[in-house]
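Let's work through this model by question and answer. Each reply ends on the value or name asked for.

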Amino acid sequence: MTTSTEHRVPVTVLTGFLGSGKTTLLNRILTEQHGKRIAVIENEFGEVGIDDALVLDSEEEIFEMNNGCICCTVRGDLIRILGALMRRRDRFDHILIETTGLADPAPVAQTFFVDDEIRDQLRLDAIVTVVDAAHVLDHLDEVKPEGVENESVEQVAFADRMILNKTDLVTVEHLDLVERRLRGINHGAEIIRAQNAKIDLDKILDVGAFDLARVLADDPAFLTDTDHQHDLTVTSVGFQIDGDLDVDKLNDWLGELLGTRGVDIFRSKGILAIDGQPRQHVFQGVHMLFDGTDGRPWTAGEPRTNRLVFIGRNLDRDELESGFRGCMVGASG
Amino acid sequence: MSALLTGHRPWRAEVGDAVVALAVCRDGRVAVAGAEGSVTLLSAAGGIDHRAVVSDGALTVSWSPNADRLAVGSIDGVDVLDATGAILGGHREGWCSSLAWSADGTRVAAAAGHAVVVLGADGTELWRAHRGSTVTGIAWVRRRVATAAYGGVHVHDRSAAPDVMPFTGSLLALSVSPDRRWAASGNQDATLKVWRVGRRGEELAMSGYPTKISTLQFSPDSTLLASGGGSDVTVWDFAGAGPRGSTPRILRAHRKVVTSLAWSPSGDLLAGAAADGRVAVWRARAAVPGNPAAAVDEVVRDCAATALDWDGAGRLLAGWADSIVAAHVLDGT
């Protein structure tokens, strides 16, 4: 499944607990001179009113999809509102969706995979999670009743970028502790430290494909870490393997893996080398749904390295890696 | 067919806003709703009589049967206008993508977020009924009002509990047959669901559509149900025993998803608009099941066609996303 991305309008999803600085960041995005025309869909009433931006209110409506995928829920409100936005003549350069502090990011992300009209016209650019350095550990450690997800763990697990905000309120030691904890849950996302949500907006708007190469290169130990298998806490597993993938084997394996384990696998992301393809294949999945697009061309002499990260619970590195190796061209079975 | 041509010339008008809906009243005047909230009234000859912005985004428009009132649904409510375009009243509350006037023209039922409100011809609220999620389709069933929302179709009475026709899924559009025997919904999960109004156990479910179904229309004689969902139009035959186990007629012309469908007043012709910019007309009844039928007439522009209606003289009105509305006189085939 490959779609051309160029014409699609990028969408940033902004998550974060109440008090994390999410609204401060939103106001910053709307008032700073960045030359982009932005439409904002708000789920929480903020005092945002900017001449150049269109701000629309929305109330979360989570719908189950009848597609045999038990964890597949979508946001009906977003399908409606995004559809109406895309019918306007004044096309926006960027759309920003602000979720409530308690929102589950999965239905938001899944909306971009499930609805054809949205897939054709919009591209989920990044899920940006704002984290309060002083309070995030309390939120992450909060014990929930059985069957109830910890929303802050989910928001961290789903992030493509994390903004570690309010760094001025804690010690450097505490910051390092928080950062290690965030990386333990989500290894694929870049962490940006900030005070008062002051960040370079280029880091979160229209960032394109996540930079897995950099993230994985940062920390070689991550690529062999097997501490967390059969662990109910949310962790990440990643690997990088050189060589070309057989696209049919890959689709079969991912379909089977995410179809059976998709409840536990929150997100999957990859930059992959498909046999015979001159361009990188950018893969991303949310629970049981996955999708691929063409990325940049492989350059001359560049090793065709596959990089893949899974974020979820109960992840077995050996099982995932051997499954993935089985998709290489020439692999047996 | 030469009678179609008498006294009505084709024309083209620019309304300054992406067309999202249009409606022709019996004397040939055209009301056009725009994506940025405009309402434009065009004379039968295509001249602009009135233009005003009523909201941040219009979604639907409907004339009362005697053409003295106009209701406009928007992203944040409904307005009732007189025939000159002056706003008489309305209701600012939630999403209104669906409207229906009662047969006598004294009341209009309008979606209002998670509710349906019934307004008098001056826009004052007479009664309302609640649904658990956004109302996406509305139709009158004698003195009662049918609504489509996540969970099924409800037929509301002003004073009694609703008649519930359940469906687990997200409903996007509703059509009730003019003889009031059937209610049909187009759904997010790419299925069509049909209930026998007032009877249990006679539900039908049609699947196999390539995309969600956001437009469907019963023919004026209630024997055919035309549905979008993908680029083809699928027509189910409700004559005699109904469509159970039957093969539908397929009408083919479009290369992108069908956005709007409209039967000619006589029911001989069906028009379909699509995102590829094409407006096509078929002799739906003459199509043979299992053998896709080609259009008998077409109008093509290079941006999405979004809205359709027929006037009383057999002229077809169509609207496009580049703010063009055209009155088309059919080829005398």
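Two residues are in contact if their C-beta atoms, placed from the backbone, lie within 7 Å. The model discussed here is predicted.

Q: How many residues of domain 1 of chain A are in contact with domain 2 of chain A?
A: Chain A is divided into domain 1 (2–208) and domain 2 (213–325). On the domain 2 side, 21 residues take part. The number from domain 1 is 21.

Q: Which element gives the largest share of the side of domain 1 of chain A that touches domain 2 of chain A?
A: β1, α3 (105–114), α6 (151–158) and α7 (172–185) of chain A each supply at least two residues of that side. The residues of this side divide into 12 nonpolar, eight polar and one charged. The largest share is five residues, and it comes from α3(A).

Q: Where in chain A is confidence lowest?
A: Chain A averages a pLDDT of 86, and 86% of its residues score at least 70. Over residues 1–5 of chain A the pLDDT is below 50, and beyond near neighbours in sequence this stretch has nine contacts in the model. Where pLDDT is low, the predicted coordinates should not be read in detail. The highest mean, 95, belongs to strand β9 (residues 161–165) of chain A, and the lowest, 44, to strand β1 (residues 2–3) of chain A.

Q: What percentage of the contacts in chain A between residues at least 6 apart in sequence join residues at least 24 apart?
A: Chain A holds 10 helices and 15 strands. Of its 333 residues, 43% count as buried. Among contacts between residues at least 6 apart, the share joining residues at least 24 apart is 75%.

Q: Which helix of chain A supplies the largest share of the side that touches chain B?
A: The contact takes 13 residues from chain A and 21 residues from chain B. On the chain A side, the residues divide into three nonpolar, three polar and seven charged. The largest share is three residues, from helix α2 (residues 76–86) of chain A.

Q: Why is α2(A) largely enclosed by the rest of the structure?
A: A residue is buried if 20 or more other C-beta atoms lie within 10 Å of its own. The buried residues of α2(A) include A:Gly76, A:Asp77, A:Leu78 and A:Met86. The helix is largely enclosed because the number of its 11 residues that are buried is nine.

Q: Is A:His135 buried, partly exposed or exposed?
A: A:His135 is found in the loop between β8 (122–132) and α5 (136–141) of chain A. The cut-offs are 20 or more other C-beta atoms within 10 Å for buried and 12 or fewer for exposed. A:His135 has 17, so it is partly exposed.

Q: What separates the C-alpha atoms of A:His135 and A:Arg193?
A: These two residues lie 58 residues apart along the chain. In the model, their C-alpha atoms are separated by 15 Å.

Q: Which residues touch the most other members of the largest nonpolar core?
A: This core has 195 residues. It draws at least three residues from each of domain 1 (2–208) and domain 2 (213–325) of chain A. Beyond four places away in sequence, B:Ala110 touches residues including B:Ala71, B:Val78 and B:Leu119. The members touching the most others are B:Leu22, B:Ala110 and B:Ile138.

Q: Which residue takes a positive phi in the hairpin of β14(B) and β15(B)?
A: Strand β14 (residues 137–141) of chain B and β15(B) pair in the antiparallel sense over five bridges. B:Trp140 stands opposite B:Val145 in β15(B). Two residues lie between the strands, and the one with a positive phi near 55° is B:Arg142.

Q: What is the bridge partner of B:Thr147 in β16(B)?
A: Strand β15 (residues 144–149) of chain B is mostly covered, with five of its six residues buried. β15(B) pairs with strand β16 (residues 152–156) of chain B in the antiparallel sense over five bridges. In β16(B), the partner of B:Thr147 is B:His154.

Q: Which strands stand at the edges of the open sheet in chain B?
A: Five strands form this sheet in the order β22-β23-β24-β25-β29, with mixed pairing. Each edge strand has a single partner, so one side of each is left without a neighbour in the sheet. The edge strands are β22 (216–218) and β29 (293–294) of chain B.

Key. Residues are numbered from 1 along each chain as its sequence is written. Chains are lettered from A and ligands numbered from 1 in the order in which they are written. This is a predicted model: local features need pLDDT of at least 70, side-chain atom pairs count only at pLDDT 80 or more; totals for chains, interfaces and linings use all residues. A nonpolar core is a set of buried Ala, Val, Leu, Ile, Met, Phe, Trp, Tyr and Cys residues joined through C-beta atoms within 7 Å. Domain bounds come from an automatic or database domain assignment. Helices (H or I, at least four residues) and strands (E, at least two) are DSSP runs, numbered from the N terminus. Ala, Val, Leu, Ile, Met, Phe, Trp, Tyr, Cys and Pro count as nonpolar, Asp, Glu, Lys and Arg as charged, and the others, Gly among them, as polar. Two strands pair if DSSP finds at least two bridges between them. pLDDT is the predictor's confidence in each residue, from 0 to 100.
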